[in-house]
Amino acid sequence: MAANLVNVEAVSKVYGTRALLDGVSLGVSEGDRIGVVGRNGDGKTTLVRVLAKLEEADSGRVTHSGGLRLGVLTQHDSLDPAATVRHEVIGDLADHEWAGNAKIRDVLTGLFGGLDLPAFPQGLDTVIGPLSGGERRRIALAKLLIAEQDLIVLDEPTNHLDVEGIAWLARHLQARRSALVCVTHDRWFLDQVCTRMWDVQRGTVHEYEGGYSDYVFARAERERIAATEEAKRQNLVRKELAWLRRGAPARTSKPRYRVEAANELIADVPPPRDSSELMRFASARLGKTVFDLEDVTVQAGPKTLLKHLTWQLGPGDRVGLVGVNGAGKTSLLRALADAAASQGERQPAAGRVAVGRTVRLAYLSQDVAELPPTLRVLEAVQQIRDRVDLGKGREMTAGQLCERFGFTKEKQWTPVGDLSGGERRRLQMLRLLMDEPNVLFLDEPTNDLDIETLTQLEDLLDGWPGSLVVISHDRFFLERTTDRTLALLGDATLRMLPRGIDEYLERRERMIQAAAPAPAPAAPAAKATTSAADARAAKKELQRIERQLDRISEKESTLHSRIAENATDFEKVAGLDAELRELAGEREELEMRWLELAEDA
């Protein structure tokens, strides 16, 4: 029987007048892999912080087993800004020690693309202070995964990871023996990693066996049996279940729910989209031309991201755009948006973009548009218009659409300045849709959105007649809302991927393997045997080198401390950093010599 690691007994937690947790009792045992879902603001982060004893409960008790090794990734890291990546992630291990550790090599390669951290200016010796929030988060995640833990608690671990990074993290966590509690809105990730689900709703936590697919079925069944009055939510869950059961492209999960019961529950649910009807309606609204690109070159400063690109976005096309960071996904959308905004006058560096006369483009960028903080949510939406035509005779008022996106009648009168990041993201999307666009560009639309809001957005897009381009690292959302996948693989071309994200990951893996240095040739079979005297001499030399490496490590620790003490004196920090690099060079030479002697010894 698996040992119990954490017990949560009758725990309550209140903020202001709102009870986020109300008499919650849960447990985590060895081998558990638990996904935590729920609406933003319903208490997911509070639950895991109380479970990890990072916050005190107002009442109830949280107990940890004796000697529990607990690792926690919060949404705000506690890294030392004056330290280097090496100091935070690898600690005092010498290069020959950590480079020989398969787990450390796997984590560094999976999260940073290589042992030398190619995206960082000084590799492992990069100082953390100036790095972006996303880079710091990867460093905190790497530090956590390298350590040995009995239980790992992760709050939004897939934030700031690309598709490859998320796929690697899923494989890594599947292979680990640690128990896991994970808060995430990435449904593909939940299906790959988790075997139990906690659904946090209005102060209570409902438990479900299985991954996300199992959870969708079980929740729909529970709501059907209970005959709840939340008809809209029930229909959405049933619609998503239908999509899961009918086989979305590139899905690899094997749900354990009863197939017969699932099929009976979705028997009368139509497919998510009537593609041919939407295509006809989109053609009527847009005409034949939306965006035609001919021999286009896209640049970002001096860097050429795409060249000789000929491509057509037609009426009703639904395209998912994936690619390595910096390959030009956002730059391509910006080039098209510039051409549309200027009626074709602003063109890319080379080639031509033709824009249809009837195109009404809405572009959701990664930057949340700032609104006056005193403006109310409903007022911000009504600024655009009071009603919106969703096609096929469907019309919604600003208030109805607000409710569809999780803004209750009371919440609609909340000042914009009091909204969370996820709520502002929802409001930004609402304002775009209220303007009745017929072309939508969505750049990372799932950032900060909870699963329930994502299903609402997917349902809204199912019946939206127009052309859609989505950039996202959320595989589930891409597969759910788009019909074709295009990829930018970093070679300045745009490729169509018939098999979607799986094909993208396969191509990327082949590219990485092709770029890797060829293995060193095998030593000749007739190599002379090392004599006993040579072996003794090699051992002595090894001991001498190890003493030198220890002295260098001590000097490096002293320099790191001095950098921390003088963090605000940039001139002094630069001088100390130069000394560190000099020591690193000495250490590298000694370690190469150590590896050569190790064979003889």
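This is a predicted model: local features need pLDDT of at least 70, side-chain atom pairs count only at pLDDT 80 or more; totals for chains, interfaces and linings use all residues.
**View 1. Arg385 and Asp435 form a salt bridge between two loops.** The closest N and O atoms of Arg385 and Asp435 are 3.8 Å apart. Arg385 lies in the loop between α13 (377–382) and β15 (387–391), while Asp435 lies in the loop between α15 (421–434) and β17 (439–443), so the pair ties together parts that are 50 residues apart in sequence.

**View 2. Glu452 and Arg39 meet through their side chains in a salt bridge.** The N to O distance for this pair is 3.5 Å. Glu452 belongs to helix α16 (residues 451–462), whereas Arg39 sits in the loop between β3 (33–37) and α1 (44–51), and the contact therefore ties together parts of the structure that are 413 residues apart in sequence. Both partners, Glu452 and Arg39, are buried.

**View 3. Arg508 and Glu164 form a salt bridge that joins two helices.** Here the closest N and O atoms are 2.9 Å apart. Arg508 is part of helix α18 (residues 500–515) and Glu164 is part of helix α6 (residues 163–175), and the pair links distant parts of the chain, 344 residues apart. Arg508 and Glu164 are each buried.

**View 4. Lys13, Arg49, Glu55 and Asp58 are linked in a salt-bridge network.** This close-up shows the four residues together, with salt bridges connecting Lys13 and Arg49 with Glu55 and Asp58 as one network. For context, a search of the whole structure finds 27 salt bridges.

View 5. Glu554 is found in helix α19, and Glu554 counts as exposed because its relative accessible area, 53%, lies over the 50% cut-off.

Notes: Residues are numbered from 1 along each chain as its sequence is written. Side-chain values use heavy atoms; hydrogens and water are left out. Helices (H or I, at least four residues) and strands (E, at least two) are DSSP runs, numbered from the N terminus. Buried means under 20% relative accessible area, exposed over 50%, partly exposed in between (1.4 Å probe, protein chains only).
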